Amino acid sequence: MKELWTKIKEALISALPITAIVYILALTPLVNFSSTELITFTIGAVLLILGIGLFNLGADLAMTPMGVHMGSGLSGQKKLSLLLAVCFVMGMLITVAEPDLQVLAKQVSAVMNGTVLIYCVGIGVGAFLVVSVLKIVFRKSLSQILMLFYMLLFALALMLVVSGNESLLPLAFDSGGVTTGPITVPFIMALGVGIAGVLGDRRSKENSFGLVALCSVGPILAVLLLGIFSTSNMQYQVPDYTVSNDILGAFLHAAGHTAKEVAIALGMIVACFIICQIAFLKLPKRRLVRIAVGVAFTYVGLVIFLTGVNVGFMPVGYKLGTAMAEVNSTLLVVFGLVTGVLVVLAEPAIHVLNSQVENITGGLVSKKSMMLGLCIGVGSAIALSMIRIIFDFSLVYYIIPGYFISLALSLFVPPVYTAIAFDSGGVASGPMTSGFILPLATGVCVALQGESAVMADAFGVVALVAMAPLITIQLLGFRGVMAERINERKAMKRILDADDQQIINFM
């Protein structure tokens, strides 16, 4: 209970800024919220805080230990085929059950079969989880693998533009962030830690990262391929963001729907863990009880969190977007920057990532520096998204230069920074981004460019949120490398410039 109270206090501090900015804007003439909308948002904020607290405690008690035990246990069997087969099946099943992917499939149903999309993306994630494991086993460079696959993605993106389905391009890159949700990220990262601990070498710190980064490539590849072979453009319809007068009924309905989706997604992981436990893990009963309690905390926390976001935050985000679009363009861009910084603080998986990074790197990369880098990166990404909506230009002008910069930086920074940066991209684009920022961008786009431009202009904000940390965190690493070299040169210069007469001879 003490740990839970600590987590809830941390969640309160994280969620308070974004809650406060909504209330402050409600007191101004910029946004006219009804009393029903404010009450719904307030309940959603309370659920968000409680949900983050429960989720973070559950991740510490269950998700991380389960991933580490399964990774180390599978690696300890010394059967590569078994390890790869289990990782592929787990990657596919967890992704197919990911709640955010179900929402994405509904958006795409106008142009392609939703079930086909879900399973294609699931196969993509499973395949790239296998690639991630092979990278650890054969000790290959993450930056080289990423360069290879992102060059392939760029080529396919240009083919999509030529085929006349450019409106699907933002959706394809958004899918990479959507499918690495709050359930899969802590588990996949911990799985990498377990595998690297058994099969890794002296670079095990670097090898334990990178799984989320590579798993984010699979969905992008799948949607790009589906878009190339599709014959029609998507006709996007803006969802109904109207707040129901039956507040309690709206929350109960959403909670029931969310509970089912989370149960399926979390059940996939638990089922795989139980099979591994019976087959070879053989963990003691006391540890299993602790993990079971953690799974319960994770489940309840995610249901509460997602219910609060979907019912309380999405309508407010959309209305804020439509209202802020009517003010000065400069103010809109600044608002996007501030909102991005605040959203990072409220993403549940961000705190799990920061803790794992600090522990694995032995404090080399601190929680504070990680959070600062993510805040700057995500804030800048949403500000750039607002600029793109205002001036109505293609996502290609951001994505290709941005990834070229991030891949170029990987040549000059320690590999561990590259691995952490690319993992952070998938983690940063979590449910708060899709549940608050995407409706916000949709509202801005509908007000400025019309509903028909939403697919081309509003979508892509998740992709930019996922891309920004790649640059900021690697720049953080580059700064650290340069500072270390400068200090070494200064120390060497002091030694060379020392006065020989000041050297004491003890002989």
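The points below comment on selected features of this predicted model.

1. The largest nonpolar core of the model has 165 residues, and within this core Leu320 and Met432 touch the most other members. Helix α2, which spans residues 35-76, supplies the largest share of the core, namely 15 residues.

2. The surroundings of methionine 432 deserve a look in the viewer. If neighbours within four places in sequence are set aside, methionine 432 is in contact with Ile18, Leu48, Phe305, Val309, Phe313, Val343, Ala346, Glu347 and Ile437.

3. Threonine 298 belongs to helix α13, residues 285-324, and counts as buried because its relative accessibility is 1%, where the cut-off for buried is under 20%. Apart from neighbours within four places in sequence, the residues in contact with threonine 298 are Leu54, Phe55, Gly58, Ala59, Met63 and Leu266. By contrast, proline 170, which is 128 residues away from threonine 298 along the chain, has its C-alpha atom 31 Å from the C-alpha atom of threonine 298.

4. Helix α12, covering residues 247-281, has a kink of about 25 degrees that is centred on glycine 267. The residue that follows α12 is lysine 282, and its phi is positive, near 55 degrees.

5. Two further residues with positive phi lie in loops between helices. Lysine 78, in the loop between α2 and α3 (80-96), has a phi near 60 degrees, a positive value in a residue other than glycine. Aspartate 392, in the loop between α16 (367-391) and α17 (396-409), likewise is not a glycine and has a positive phi of about 55 degrees.

6. Aspartate 392, with a relative accessible area of 43%, falls between the limits of 20% and 50% and so is partly exposed.

7. On the surface there is a nonpolar patch formed by Leu30, Leu331, Val334, Leu337 and Val338, which together have about 350 Å² of accessible area. One of these residues, leucine 337, lies in helix α14, residues 329-346.

Conventions. Residues are numbered from 1 along each chain as its sequence is written. This is a predicted model: local features need pLDDT of at least 70, side-chain atom pairs count only at pLDDT 80 or more; totals for chains, interfaces and linings use all residues. Side-chain values use heavy atoms; hydrogens and water are left out. A nonpolar core is a set of buried Ala, Val, Leu, Ile, Met, Phe, Trp, Tyr and Cys residues joined through side-chain atoms within 4.5 Å. Buried means under 20% relative accessible area, exposed over 50%, partly exposed in between (1.4 Å probe, protein chains only). Helices (H or I, at least four residues) and strands (E, at least two) are DSSP runs, numbered from the N terminus. Contact means heavy atoms within 4.5 Å. The bend at a residue is the angle between axes fitted to the seven residues ending there and the seven starting there. Patches are made of residues with over 30% relative accessible area and no salt bridge: like charges are joined within 9 Å, nonpolar side chains (Val, Leu, Ile, Met, Phe, Trp, Tyr) within 5 Å. Accessible areas come from the Shrake-Rupley method with a 1.4 Å probe; for residues, only the protein chains shown count as cover. A salt bridge is a side-chain nitrogen of Lys or Arg within 4 Å of a carboxyl oxygen of Asp or Glu.
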